[in-house]
Amino acid sequence: MAPQRPVIPGFHPDPSICRVDDTYYLVNSSFEYAPGVPLLRSTDLRAWTQIGNVLDRPSQLDVSAADPSGGIFAPTLRHHDGRFWMITTNFSDQEGQLLVWAEDPSGPWSDPVRLPDTVGIDPDLAWDEDGTCYLTYAGFGPQGPEGIVQSVIDPVAGTVLTPRRRLWQGTGGKFPEGPHLYLIDGYWYLLIAEGGTERGHAVTIARGPSPAGPFEPAPDNPVLTHRGTDAPVQNTGHADLVQRPDGTWAMVYHGVRPRGSSPEWHVLGRETFAQDVEWHDGWPVLTHRIEPVTAPGTPTVERLEARSGTELPPTWVANGRHPSDVVSWERDGWRVTAAGNEPVFVARRQEHLYARVCARLDVRGTDDSSGSDCSGRGGLTVRIDPHHALSLECAAGSVEAVATIGDVRQVLGRHPLDATAELEVRVVEAPGPWHPCRQGPDRLVAGVVTSEGFGELGHLDGRYLSTEVAGGMTGRMIGVSCAAGSVLIRSFTYRGADDPAVLAPAAKS
């Protein structure tokens with residue numbers, strides 16, 4: 001059987017889904033990046049389009065204090081009484097859960113209501129038949145995690161109406177989290193993740209007569225896990241259920257695609273997968289995979305050019321700030337400006353196992369509009385976080401390929417840079433022959449394209465830009481960095497595919 005493919009590839013973890021009529025809406029975690037909480041839409045659970053970001057303005061989201069993998073943790077999206085509701089945790093502040101609503105999912109979404117007396121992560125909303133709203137989440141107490149807890153709240157006023165009560169601690173796996181509560185055929189079902197979001201990740205479920213329980217675990221838990229198997233998708237967990245218009249059910253969840261030799265590395269972060277669900281004796285059972293509409297070898301191409309429009313696409317984000325704070329549109333493209341002494345990074349997700357990214361950039365210093373001042377510094381960057389990156393860094397008329405791995409920063413190569421040159425990063429297959437212990441997931445190659453063709457300046461084993469090396473909960477991002485002065489993005493082209501042959505250098509699109 002062919003490897004399972006994600007329905008939403010790349011760094012799209014912690015999916016939460018709801019349906020209104022014949023349309024599905026889904027949100028994901030965004031961590032230190034803004035705008036936050038990407039919002040996608042589908043009519044078949046197979047083809048998804050990002051229609052925006054729920055937290056798309058500074059009055060809704062402040063990630064200025066977010067370290068790598070800080071910021072926005074797992075959101076929940078629900079539709080109730082004519083409104084869409086989204087609740088999440090900004091792990092980088094101390095103001096409690098963050099709740100917004102909208103009549104139209106395309107926005108505008110409200111400014112947030114905060115619930116400061118609900119310390120924890122992964123909040124869920126559910127309403128009973130008389131309209132009582134239940135907030136269920138993974139609680140934190142003075143001694144640490146407390147498992148799954150619950151309070152009744154007023155979601156409009158942001159008032160906690162009852163003390164929190166403990167519901168269920170799962171089946172014994174570490175970190176019971178990611179709860180979702182549903183009323184189905186007279187039972188209240190509590191779906192959670194446990195085992196940690198690494199190789200031991202799992203989905204378990206329990207049910208009870210009321211939103212407060214008591215909860216009886218399913219006899220065949222876990223409902224989903226790939227731990228201890230050779231499945232090409234691992235770390236499966238953090239699920240949500242949705243019912244189709246015809247009464248059938250499906251589940252979305254996240255997982256990773258590790259590659260290379262032992263212990264294997266994943267580089268794209270946790271991606272969103274989906275499967276059909278059947279109910280047996282009152283419990284959900286996963287059946288057929290739900291696969292993307294596109295064929296496995298179909299390439300994806302996204303071009304960013306001056307004529308593309310005056311706003312960046314919703315797929316583009318910045319770390320620790322909103323793009324609107326540091327990116328402005330000009331007739332020739334988008335200008336990214338360093339924020340004082342703080343470097344700026346604006347980017348989109350690497351969504352495929354293999355990619356080719358090309359950019360034409362104009363780097364300028366702070367004091368010279370001609371572009372010749374040596375104080376300007378920036379370029380094309382692929383990274384997991386600031387300490388695990390490969391950059392084509394332009395300054396003073398030259399470009400350097402720079403690898404950053406932890407506290408080590410090494411220049412791999414250097415080349416003169418003129419106005420006609422194009423920067424390019426290629427994500428290609430790891431070189432063979434295969435070795436059981438020493439082969440990474442892929443290789444990154446950085447270089448410059450001139451009239452004479454592509455010239456490599458350096459390459460890096462892909463394991464150094466993986467979650468297993470960098471740590472954290474995000475995936476690779478590819479975009480433009482600016483450490484000083486400004487960088488004008490004249491063009492940026494992302495080509496991605498899961499088949500490396502599709503992106504062979506001779507291929508044109």
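At 6% relative accessibility, C358 counts as buried, where buried means under 20% relative accessible area, exposed means over 50%, and partly exposed lies in between (1.4 Å probe, protein chains only). The model is predicted, so that local features need pLDDT of at least 70 and side-chain atom pairs count only at pLDDT 80 or more, while totals for chains, interfaces and linings use all residues. Residues are numbered from 1 along each chain as its sequence is written, and side-chain values use heavy atoms, with hydrogens and water left out.

The structure holds 0 disulfides, a disulfide being a pair of cysteine sulfur atoms within 2.5 Å. For C358, the nearest cysteine sulfur belongs to C394 and is 14 Å away. C394 is likewise in no disulfide, since its nearest cysteine sulfur, that of C482, is 11 Å away, and C394 counts as buried at 2% relative accessibility.

We turn next to the strands. Helices (H or I, at least four residues) and strands (E, at least two) are DSSP runs, numbered from the N terminus, and two strands pair if DSSP finds at least two bridges between them. An open sheet is formed by 8 strands in the order β3-β25-β28-β37-β30-β31-β32-β33, with antiparallel pairing. The edges are taken by β3 (33-34) and β33 (408-416), each of which has a single partner strand, so one side of each is left without a neighbour in the sheet. Within this order, strand β28 (residues 344-349) pairs with strand β37 (residues 477-484) in the antiparallel sense over 6 bridges, and F345 stands opposite S481 in β37.

Another strand to follow is β17 (residues 202-208), in which 7 of the 7 residues are buried, so this strand is largely enclosed by the rest of the structure. In a regular strand the side chains alternate between the two faces of the sheet. In β17 both faces are covered, with A202, T204, A206 and G208 buried on one side and V203, I205 and R207 buried on the other. Strand β16 (residues 187-194) runs antiparallel to β17 and is joined to it by 7 bridges, with W188 standing opposite G208. Strand β19 (residues 224-225) also pairs with β17 in the antiparallel sense, over 2 bridges, and L224 in β19 is the bridge partner of V203. A further 2 bridges join β17 to strand β18 (residues 216-217), again running antiparallel, and here A206 stands opposite P217.

The aromatic rings give another view. A search of the whole structure finds 13 aromatic pairs, where rings of Phe, Tyr and Trp (its six-membered ring) pair if their centres lie within 6.5 Å, and planes under 30 degrees apart count as stacked, over 60 as edge-to-face and the rest as tilted. One of them joins W249 and W279 edge-to-face, at 5.6 Å centre to centre and 70° between the planes. Because W249 lies in strand β21 (residues 249-256) and W279 in strand β22 (residues 271-280), the pair ties together parts that are 30 residues apart in sequence. W249 is buried, with a relative accessible area of 13%, whereas W279 is partly exposed at 25%.

Finally, there are charges over rings, a term used if NZ of Lys or CZ of Arg is within 6 Å of the ring centre and within 35 degrees of the ring normal. The charged end of R259 sits over the ring of Y354, 5.5 Å from its centre, and that of R348 sits over the ring of Y494, 3.8 Å from its centre.
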